[in-house]
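Hello,

Here is the structure you will be taking over. Please open it first, then read my notes below.

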Amino acid sequence: MLFGPKKLPKIPYDLVSYIQIETEAIKDYNDKQMISSYCLGKLKTVEWYINLLRQGSEKYIVPHSSGELEMIRDQLVACHKEIMAVKIKKDNGSPYPKGYEG
């Protein structure tokens, strides 16, 4: 390699709690889609890091241990299950707030 291995960015320590908080704030299908996509994207990154460590890649420096990454992966899988379990309340079709009697 010309310049040596590339150091990959760390997975933020508050990633899982951020996703959990955002999951509690889901109000509509758009919110659900956004946090689901975000979670799955981070899960894909974690899986890639795990595979790099297993292969012993000399091209990248992974800033986490295998154990850390597996723990994060398991937490992200649990988060995604929670996201998908969120039920979105159907709108009654009225442009007015519930209880409005204008």
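This is a predicted model: local features need pLDDT of at least 70, side-chain atom pairs count only at pLDDT 80 or more; totals for chains, interfaces and linings use all residues.

The cysteines show why. A disulfide is a covalent bond between the sulfur atoms of two cysteines. For Cys 39, the closest cysteine sulfur is in Cys 79, 5.5 Å away, so the two are too far apart for a bond. The cut-off for a disulfide is 2.5 Å between the sulfur atoms. Both residues are buried: Cys 39 has a relative accessible area of 0%, and Cys 79 is at 5%.

Now the overall layout. The protein chain has three helices and two strands. Their order from the N terminus is β-α-α-β-α. The chain has 102 residues, and 27% of them count as buried. Its accessible surface is about 7800 Å². Carbon and sulfur atoms hold 54% of that surface.

Contacts across the sequence come next. Take those with a separation of 6 or more: 70% of them join residues 24 or more positions apart.

Then the core. The largest nonpolar core has 21 residues. Ile 11, Ile 19, Val 46, Leu 69 and Leu 76 touch the most other members. α2 gives the most, with seven residues.

Last, a look at Leu 69. Setting aside neighbours within four places in sequence, Leu 69 is in contact with Ile 11, Val 46, Tyr 49, Ile 50, Leu 53, Val 62 and His 64.

Best wishes

How values were computed
Residues are numbered from 1 along each chain as its sequence is written. Side-chain values use heavy atoms; hydrogens and water are left out. A nonpolar core is a set of buried Ala, Val, Leu, Ile, Met, Phe, Trp, Tyr and Cys residues joined through side-chain atoms within 4.5 Å. Buried means under 20% relative accessible area, exposed over 50%, partly exposed in between (1.4 Å probe, protein chains only). Helices (H or I, at least four residues) and strands (E, at least two) are DSSP runs, numbered from the N terminus. Contact means heavy atoms within 4.5 Å. Accessible areas come from the Shrake-Rupley method with a 1.4 Å probe; for residues, only the protein chains shown count as cover.
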